[in-house]
Amino acid sequence: MSSRVWQQAWDAAQPRLHSIRDVLASPTFPRPNPRIIRVGQLDAELLDAELVHILIEPVSKALATVNASMKTRFEPELALLVQLVLYRFSVWSSGASYGAMLQGLRYSVPSSGLNSRPSRRLLIIHGALTILVPYFRSRLHAHALSHAWPDAPASDIRRRAWAALTSLETAHGAFSLLNFIAFLWNGRYRTIIDRFLAMRLEPSQALIKRDVSYEFMNRQMVWHAFTEFLLFLLPLINPRSVARRLSSTFSSIFPTPSPTQKIRAPKRGKYYSLPPDQCAICAENTSLNVNLGDAAGALASYTPAFPASSNSDAVDNNSEGDGEPPYPITTPYLASCGHIYCYTCLAERMLRAADDGSRGWTCLRCAEEVRSADRYRLESEGGNLRRSTLGGAEIENVGDGDKERSDAESSQGDEGSEFDFGSEFGSGTGSLGSYAFTGSEA
């Protein structure tokens, strides 16, 4: 009984509901103004400008590689071409630019009806005013500056044309400011051209749903935190130590050359041809010091003191004069590779290698790894000279018969074992100690 009463009431209300629906659907029924999103319109303009820049940048770089002057000369034409293509496939086709599409907006002409699209004629005028007029203005401005219109006499037509151009730019800037204030007030017309043509951006859908995405903000925060972490971490990393560890890792992965290959291709350091009575570290340090006070020797200090030549040539050059060698060895120390250096030079290099965490220091003569060094001394026992280290290990005995060898023969031997330092270093029993890398450092 109750359901029948409800059915009769529903049937009786149908004519009234149909009449209300017809009134709401009629064009004369006043509708509320759609929600105006000012931020969306401004974001659409920024997106369009960024899209043009993204498309122009690779083409400009390509032109710069071909001809540097071509990029500067044809950059306005390139921007004009890109803007025309974008306008053709966006505003001309769908009634909205790509930036406006992303914001859910499109152009409409309220005077022609609700949400009506602009006509083709109106779009042609709009494209000419937004694309062609700024191009010609920039070209005219560049032409006027290149031909010195502002510096022309006051009675010259070029000076009057420049004054007129400046007045138009000033007036355009003032009207743009007023239009922007009006846009912030009512949100209807974003630019002067839109107001002049009565074209405004409106939502493309009746139901406006503006979702706020925090994805970009999250990425920016993550990248900012990562860069701060890198700025904190990089000063704590020693690049030389990392490079040495990487080189040792690669050397352990790749096979080492066979002994025959090592014999055929012996290692040579940067100063392998330096005479044995001179310190290679002193020579390297001197080559890196630039004497700015001496204009003649400022550039010469960059070149090695002894170029890479044969050992015999180096010895011949050293034996030509009887003067003191340019890089004498003071307080000689014998490295583990067999070559002799100054105490201070060798200690500085080995301490630096220990601070870097490397296994040893690379010899400048033989390019071998130096892990220890002992004091080099000469002892006289019954007319024989014996060279030894503080560790007590005897290296070589030199008898009376051996003293009769010529200087040329003794200079052609091993650089680290055949050199005689003279009586200056004889019977050296000082307590300067020895240096060696421990097991943990190796």
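Predicted model: local features only at pLDDT ≥ 70, side-chain atom pairs only at ≥ 80, totals over all residues.
Me: Why is phenylalanine 183 called buried?
Reply: The relative accessible area of phenylalanine 183 is 0%, and because the cut-off for buried is under 20%, the residue is classed as buried.

Me: How many residues apart are phenylalanine 180 and phenylalanine 183 in helix α7?
Reply: They are three residues apart in α7, which spans residues 157–186, and this spacing separates them by about one helical turn.

Me: What makes the rings of tyrosine 341 and tryptophan 361 an edge-to-face pair?
Reply: Their centres are 5.4 Å apart, which meets the requirement of lying within 6.5 Å, and their planes stand at 75 degrees, which is over 60, so the pair is edge-to-face.

Me: Where in the chain do tyrosine 341 and tryptophan 361 lie?
Reply: Tyrosine 341 belongs to strand β4 (residues 340–342) and tryptophan 361 to strand β5 (residues 361–362), so that the pair, 20 residues apart, links distant parts of the chain. Both tyrosine 341 and tryptophan 361 are buried.

Me: How many aromatic pairs are there when ring centres must lie within 6.5 Å?
Reply: The count comes to five aromatic pairs, and one of them joins phenylalanine 180 and phenylalanine 183, with 6.4 Å from centre to centre and 35 degrees between the planes. Because stacked needs under 30 degrees and edge-to-face over 60, this pair is described as tilted.

Me: How do you know that the charged end of arginine 120 sits over the ring of tryptophan 92?
Reply: The charged end of arginine 120 is 4.7 Å from the centre of that ring, and the rule asks for a distance within 6 Å and a position within 35 degrees of the ring normal. Arginine 88 likewise lies over the face of phenylalanine 89, at 5.4 Å from the ring centre.

Me: How does the reach of helix α14 compare with the expected span?
Reply: Helix α14 (residues 343–356) has 14 residues and reaches 20 Å from its first C-alpha to its last, which is close to the 20 Å expected at 1.5 Å a residue. Its buried residues include Cys345, Leu346, Arg349 and Asp356, and the helix is followed by glycine 357, whose phi is positive, near 80 degrees.

Methods: Residues numbered from 1 in each chain as written. Heavy atoms only, no water. Phe/Tyr/Trp six-rings, centres within 6.5 Å; stacked < 30°, edge-to-face > 60°. Helix = DSSP H or I, 4+ residues; strand = E, 2+ residues; numbered from the N terminus. Buried < 20%, exposed > 50% of the residue type's maximum accessible area, 1.4 Å probe, protein only. Expected span 1.5 Å × (residues − 1).
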